[in-house]
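Dear colleague,

Please find below the structure that I am handing over to you. I would be grateful if you could look through it before reading my notes.

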Amino acid sequence: MVYVRQMLGADHSETLAGGKLLLFTRNGIFQARVYRGERQYLFRSLKTTDLKQARNLALRFLHETEFKQTAGMPLQQLTLAAVINEYVAMRQRQNEQGARVTTNTSIKQHTSIYMLRQMQRVVKFWVAYCGKLSVEKIDNAVLADYIGWRKDYYRRIPKDKWPRNAKLNPTDKTLEWETTLIRTILKYATERGYRGNAPLPTYRFRALKKIVRPAFSVTEYAQLYRGMRNWIKEPENECWQYTRQLLRDYVLILANSGLRVGEANNILESDISVFYDELKRKNYRIEVSGKTGRRTVIPRTTVVPYIERVLKRNEEWRERWETMAKRAKNRKKEDRQNWLFRMADGNKIITLIDQFNALLKYIGQTENRFGEKFTLYSLRHFYAKRMLERGRVETYDIARNMGTSVQVIEQYYGRHAENMRMAARLGQ
């Protein structure tokens, strides 16, 4: 049965094969649409203006589709690169939707900007490695061979072409994350029907060595904050002194809250609210959005003067920042927000790692006694270990406050805390 709708000057449209196939024109070129089930359709341009030829091509398209469905073959031949682009675009939309509803506390999870940037960085390797392959052909062998290819990636590129912060030898943890990401993308492709009945690869690269950034010991942390007292007084330049004061409070707040660096950089003044606990102590509740979504962080009460010092300094500099903003051209929208931590020009923090490294060098404490280099994340690890050592808070509550799992807390910090508790028992 053929149903034709065609009027003078109108596009052509007709159904074939009992309604399974729609033949129509777009800009004079015939197109075919086949129903694939679950309210989804496949489209194909037939690249002809001849009606008889278009009908034959459309029926062939229908028969190919039905054969592939019966054989469990993918209905669309997509390259891995095409699927990666589609997946990253979907995560980009998630990020934008999450950003638009940040005031809605019912939104527990979304793709953070940090996760999105990490994915965008990593998928470039996969596109270069096997982006032209059909997605259904990505199997265990392809994933396993990626490891050797990835380790040699930068050795095949002239050094002057390396991107900033490129690492010649990726760590096992990096390789584990990159292979986990591609498995996630392949699962997405399977759910969309892009891989047909092709089984999902089971290959999983496991890091043999768990790399943990060093945490400050109590003695090292004491040396750090005592060293900052003299360090912030040295510069005569007002802006330099502001930056050092900012870093001091930034360090103290991270070390007593367990915040991630990215989470701290994105705290707005409106994300902070004061409350009094059951012991009538004043504290601040901090709403953050990071790699695990939105959560409320309750820092130790020792951060109260540090947060208030930041808020007071922001108020003192606010008029100056507003004047700078009026003079600035092409100022980013994000820099106009009332961030808790702001650079001397009023703009959003990108990173304070260079200033932190300068501080560590000033006090002669760039690494621990095992030669492991301290980073800003060492402050988060210091918080976790100290909370476990004190033994006043359950591991589950520490993990929830830090936005991680009990397993991670126990895996990375539990052994050290247990050693400290055992030492206390042995010393009785």
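Predicted model: local features only at pLDDT ≥ 70, side-chain atom pairs only at ≥ 80, totals over all residues.

**Nonpolar core**

The largest nonpolar core comprises 45 residues, and those with the most contacts inside it are Phe216, Leu224, Tyr250, Phe341 and Phe356. Several elements each supply at least two residues of this core, among them helix 6 (218-231), strand 7 (282-290) and helix 11 (377-390). Helix 7 gives the largest share, namely nine residues. In general, nonpolar side chains tend to be buried together in soluble globular proteins.

**Salt bridges**

Across the whole structure, 18 salt bridges were found. In one of them, the side chains of aspartate 249 and arginine 313 meet at 3.0 Å, N to O. Aspartate 249 belongs to helix 7 and arginine 313 to helix 9, so this pair ties together parts that lie 64 residues apart in sequence. Both aspartate 249 and arginine 313 are buried. The two also take part in a network of salt bridges that links Arg248, Asp249, Arg309 and Arg313.

Arginine 318 pairs with glutamate 269, and their closest N and O atoms are 3.1 Å apart. Arginine 318 is buried, with a relative accessible area of 16%.

A further salt bridge joins the side chains of glutamate 176 and arginine 206 (3.8 Å, N to O). Glutamate 176 is in helix 5 (residues 172-191), while arginine 206 is in the loop between helix 5 and helix 6, 30 residues apart. Glutamate 176 is buried at 10% relative accessible area, whereas arginine 206 is exposed at 52%.

**Helix 12**

In helix 12 (residues 395-402), the buried residues are Ile398, Ala399, Asn401 and Met402. Seen down the helix axis, they fall within an arc of 165°, so they line one face of helix 12. Glycine 403 follows helix 12 and has a positive phi, near 70°.

**Cysteines and surface**

The structure holds zero disulfides. Cysteine 130 is buried, with a relative accessible area of 5%, and cysteine 239 is partly exposed at 32%.

Tyrosine 35 lies in strand 4 (residues 29-37) and counts as partly exposed, at 42% relative accessibility.

Yours sincerely

Definitions and conventions. Residues numbered from 1 in each chain as written. Heavy atoms only, no water. Helix = DSSP H or I, 4+ residues; strand = E, 2+ residues; numbered from the N terminus. Buried < 20%, exposed > 50% of the residue type's maximum accessible area, 1.4 Å probe, protein only. Disulfide = S-S within 2.5 Å. Arc of directions from axis to C-beta. Core = buried A, V, L, I, M, F, W, Y, C linked by side-chain atoms within 4.5 Å. Salt bridge = Lys/Arg side-chain N within 4 Å of Asp/Glu carboxyl O.
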